[in-house]
Amino acid sequence: MKQPAQPTRGKPAAKAKRKSREDLNTEARDRKRDKKHRGHVAGSRANPEKQATGSGQAKKSQDPRLGSKKPVALVADGQTSVVKKPAPKPKAEKVRLTPQEELAKLENDERLDTLLDRLESGETLSGEEQAWLDETLDRIDELMETLGIALDDDAEDDEQAEQDMMRLLKGK
């Protein structure tokens, strides 16, 4: 059997004061709060510049590229040449022709003559050519009506022949 240890001589040993539950809780909260504030700020990985400004070293708009920032002349002579954009040409306004001038122009049109000759010879025209021919002939009719020019109305045979010719020309 062991004998109990003898107390040291001198002052009696002071008992450690036990902490209450409230004290333990407040200390734990303080330790947790201190632990929370360690490390980098949120988003410091994506925005490293903001971290530097937060730490007190504020170097504003520092260019991260290395090397000289001195501009280099791209012309061999050392003279800078200014490239001027060519001035936009004024768009030609559509010249309004009088009905007589427009009619004369359409009657002397080479494309119209060749297409009419092809129709008379019995060739078939493509859809685009036929559409252009129809528009041109319609425009000629409109101009003739506005100018008061009428084809010979003396005989019904002439009128009938004209209608047949127009149908033939329009491809209907």
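In which helix does D113 lie? D113 lies in helix α4, which covers residues 110–120. The structure is a predicted model, in which local features need pLDDT of at least 70 and side-chain atom pairs count only at pLDDT 80 or more, while totals for chains, interfaces and linings use all residues. Residues are numbered from 1 along each chain as its sequence is written, and side-chain values use heavy atoms, with hydrogens and water left out.

The chain contains six helices and zero strands, helices being DSSP runs of H or I with at least four residues and strands runs of E with at least two, numbered from the N terminus. Along the sequence the pattern reads α-α-α-α-α-α. Of the 172 residues in the chain, 10% are buried; buried means under 20% relative accessible area, exposed over 50%, and partly exposed in between, with a 1.4 Å probe and protein chains only.

Helix α5 spans residues 127–147. Its 21 residues, at 1.5 Å a residue, should span 30 Å, and the end C-alpha atoms are 30 Å apart, in agreement; the expected span is 1.5 Å times one less than the number of residues. The buried residues of α5 include L133, L137, I140 and M144. The polar residues Q130, D134 and T136 are also among the buried residues of this helix. After α5 comes G148, with a positive phi near 80°.

The count of salt bridges comes to six, a salt bridge being a side-chain nitrogen of Lys or Arg within 4 Å of a carboxyl oxygen of Asp or Glu.

| Pair | N to O distance |
|---|---|
| R139 and E102 | 2.9 Å |
| R118 and E123 | 3.1 Å |
| E142 and R139 | 3.1 Å |

The side chains of R139 and E102 meet in a salt bridge. Because R139 lies in helix α5 and E102 in helix α3 (residues 99–107), this pair ties together parts that are 37 residues apart in sequence. E142 also forms a salt bridge with R139; both residues lie in α5, three residues apart, about one turn of the helix. R139 is partly exposed at 31% relative accessible area, and E142 is partly exposed at 43%. In the pair of R118 and E123, R118 is partly exposed at 27% and E123 is partly exposed at 40%.

A patch of negative charge on the surface gathers E110, D113, D117 and E120. Patches are made of residues with over 30% relative accessible area and no salt bridge, like charges being joined within 9 Å.

Definitions and conventions:
Patch = residues over 30% accessible without salt bridge, like charges linked within 9 Å, V, L, I, M, F, W, Y side chains within 5 Å. Areas by Shrake-Rupley, 256 points an atom, 1.4 Å probe, with all protein chains shown as cover. Lys, Arg positive; Asp, Glu negative; His and termini not counted. Charge placed at Lys NZ, Arg CZ, Asp CG, Glu CD.
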